[in-house]
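Please study the sequence and the structure shown here before reading on.

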Amino acid sequence: MPEILITDLSHFLAAGGTIGPESGAARELAEFLTEIVAAATLATSAPTTMAVKCRQRVGRKICGGPIAGSLDATEEVIDWSCPRCETRGEVRGWEGTLWDLTAGLAEH
C-alpha cells in the first residue's frame, strides 16, 4: 500500500522561518517539503510535474521518480504524488513561508 504523508510545514521551521532541524531524517524531510512548496506555488498550471525527486524507499533503493503536485488555494493545501511508487501526500502550513512563491507571482 502506498504511503500517504500529511504534513504541516510550520512544524519543521525555526522561529526565524528557516528550516529548524539541523541534520538527520527530519532535515531531509523538511528540505523535500520546502522543494515541493516552492515548485507548487511557482507553477502556473496544476497539476504539474516538478523538478523534485521522490525520496521514498522502494526496497533498499530511493524511488527517485518525478513528483507531481498542485496547489489548492481554496483548501490551502498542496497535494503531491509520485507516479512511479504511488507515494502521495499533502502539505499544509506553507502560506507565508520563505518557500511560498505565490506573492511573487501576484506582483508580475
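The model is predicted: local features need pLDDT of at least 70, side-chain atom pairs count only at pLDDT 80 or more, and totals for chains, interfaces and linings use all residues. Residues are numbered from 1 along each chain as its sequence is written, and side-chain values use heavy atoms, with hydrogens and water left out.

**Sheet**
- Five strands form an open sheet with mixed pairing, in the order β1-β7-β6-β5-β2.
- β1 (4–8) and β2 (48–53) each have a single partner strand, so one side of each lacks a neighbour in the sheet.
- Strands are DSSP runs (E, at least two residues), numbered from the N terminus, and two strands pair if DSSP finds at least two bridges between them.
- β1 and β7 (residues 88–92) run parallel and are joined by five bridges.
- Within this pairing, Ile4 stands opposite Arg88 in β7.

**Salt bridges**
- The structure holds two salt bridges, each defined as a side-chain nitrogen of Lys or Arg within 4 Å of a carboxyl oxygen of Asp or Glu.
- In one of them, the closest N and O atoms of Arg27 and Glu31 are 2.8 Å apart.
- Arg27 and Glu31 are four residues apart in helix α1, so about one helical turn separates them; helices are DSSP runs of H or I with at least four residues.
- Glu90 forms a salt bridge with Arg92, with the closest N and O atoms 3.5 Å apart.

- Arg27 is partly exposed at 25% relative accessibility, and Glu31 is partly exposed at 32%.
- Partly exposed lies between buried (under 20% relative accessible area) and exposed (over 50%), using a 1.4 Å probe and protein chains only.
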